[in-house]
Amino acid sequence: MMDVQYSCVYIKLIHDKLERDANQLLKSMDVTFVQSRVLAWLWHKGGRATQPEIEEYLGVSHPTVVGILKRLGAKGFIEFQTDLQNRRIKVVCLRKKEASFFRKMLSHQQDTEERALHALSPEERETLRHLLKRVYASLSEGETNV
């Protein structure tokens with residue numbers, strides 16, 4: 001039982017360190033960590049998604065997503081459009097921000113991963129990714145919002 005607790009402590013410490021490092025960079029870009037996750041996800045989805053899709057992706061409540069999106073809209077990162085087929089649905093769309101924003105985010109993500117994993121061999125890195133996916137899947141069993 002002690003090993004599991006010890007592993008969870010390290011997972012939490014790693015998460016906190018990664019989040020602090022990301023927030024340091026993102027502060028200069030005027031976004032928070034969670035806001036950057038929404039922006040990156042929208043970018044990978046072609047720049048458009050509904051609020052319920054974002055809620056599902058983040059695994060958070062409607063009011064939380066509304067707040068995140070409201071702040072991103074005020075900063076000029078996103079805009080809201082009405083779905084032409086169902087006017088009750090709001091579609092969240094990325095604004096035409098310079099591509100350098102996303103290149104900078106991606107570069108930071110790649111640099112961070114390299115820094116975190118530099119002491120591991122390619123085989124160890126693949127094993128770690130595989131094990132992390134298994135742990136996540138195990139924790140997600142029975143959940144509906146994952």
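User: Where should I start with this chain, and in what order do its elements run from the N terminus on?

Analyst: From the N terminus on, the order is α-α-β-α-α-β-β-α-α. Keep in mind from the start that this is a predicted model. The chain holds six helices and three strands.

User: What box do the C-alpha atoms of the chain fill, and what share of the residues counts as buried?

Analyst: Taken along the principal axes, the box is roughly 50 × 35 × 25 Å. Of the 146 residues, 27% count as buried.

User: How many residues line the largest pocket, and which lie nearest its centre?

Analyst: The lining has 42 residues, and those nearest the centre are H15, L18, F33, Q109 and E113. By residue class, the lining divides into 24 nonpolar, nine polar and nine charged.

User: Which helices supply at least two residues of that lining, and which element gives the most?

Analyst: At least two residues each come from α1 (2-28), α2 (33-44), α3 (51-58), α5 and α6. The most is given by α5, with 10 residues.

User: What about the surface? Which residues make a nonpolar surface patch?

Analyst: Y6, V9, Y10, L13, I14 and L18 make a nonpolar patch of about 590 Å². One of them, I14, sits in helix α1. L18 takes part in both features: it belongs to the patch, and it is among the residues nearest the centre of the largest pocket.

User: Now charges. How many salt bridges are there?

Analyst: The general idea is to look for a side-chain nitrogen of Lys or Arg within 4 Å of a carboxyl oxygen of Asp or Glu. By this rule the count is six salt bridges.

User: How far apart are the closest N and O atoms of R115 and D21?

Analyst: They are 3.0 Å apart, and the two residues form a salt bridge. This pair links distant parts of the chain, with R115 in helix α5 and D21 in helix α1, 94 residues apart. A network of salt bridges also takes in K17 along with D21 and R115.

User: Which residue does E79 pair with in a salt bridge?

Analyst: E79 pairs with R95, and their closest N and O atoms are 3.5 Å apart. E79 lies in strand β2 (residues 78-82) and R95 in the loop between β3 (90-94) and α5, so the bridge ties together parts that are 16 residues apart in sequence. Both count as partly exposed, E79 at 29% relative accessibility and R95 with a relative accessible area of 40%.

User: Which side chain does R125 meet in a salt bridge?

Analyst: R125 meets E114, at 3.0 Å from N to O. Here the link between distant parts of the chain joins R125 in helix α6 to E114 in helix α5, 11 residues apart. R125 is buried, with a relative accessible area of 15%, whereas E114 is partly exposed at 41% relative accessibility.

User: And the loops? What is the phi of D30, and where does D30 lie?

Analyst: D30 has a phi near 65 degrees, a positive value in a residue other than glycine. D30 lies in the loop between α1 and α2. With 45% relative accessibility, D30 counts as partly exposed.

User: Where is A119, and is A119 buried or exposed?

Analyst: A119 is in the loop between α5 (99-117) and α6 (122-140). A119 counts as exposed because its relative accessibility is 66%. The C-alpha atoms of A119 and C93 are 40 Å apart, while the two residues are 26 residues apart along the chain.

User: Where is K45 found, and how far is K45 from V65?

Analyst: K45 is in the loop between α2 and β1 (48-50), and at 39% relative accessibility K45 counts as partly exposed. From C-alpha to C-alpha, K45 and V65 are 17 Å apart in space, and they are 20 residues apart in sequence.

Terms used: Residues numbered from 1 in each chain as written. Predicted model: local features only at pLDDT ≥ 70, side-chain atom pairs only at ≥ 80, totals over all residues. Heavy atoms only, no water. Helix = DSSP H or I, 4+ residues; strand = E, 2+ residues; numbered from the N terminus. Buried < 20%, exposed > 50% of the residue type's maximum accessible area, 1.4 Å probe, protein only. 1 Å grid on protein atoms, 1.4 Å probe; cavity = no way out; pocket = protein on both sides within 12 Å on 5 of 7 lines; lining within 4 Å. Nonpolar A, V, L, I, M, F, W, Y, C, P; charged D, E, K, R; others polar. Patch = residues over 30% accessible without salt bridge, like charges linked within 9 Å, V, L, I, M, F, W, Y side chains within 5 Å. Areas by Shrake-Rupley, 256 points an atom, 1.4 Å probe, with all protein chains shown as cover.
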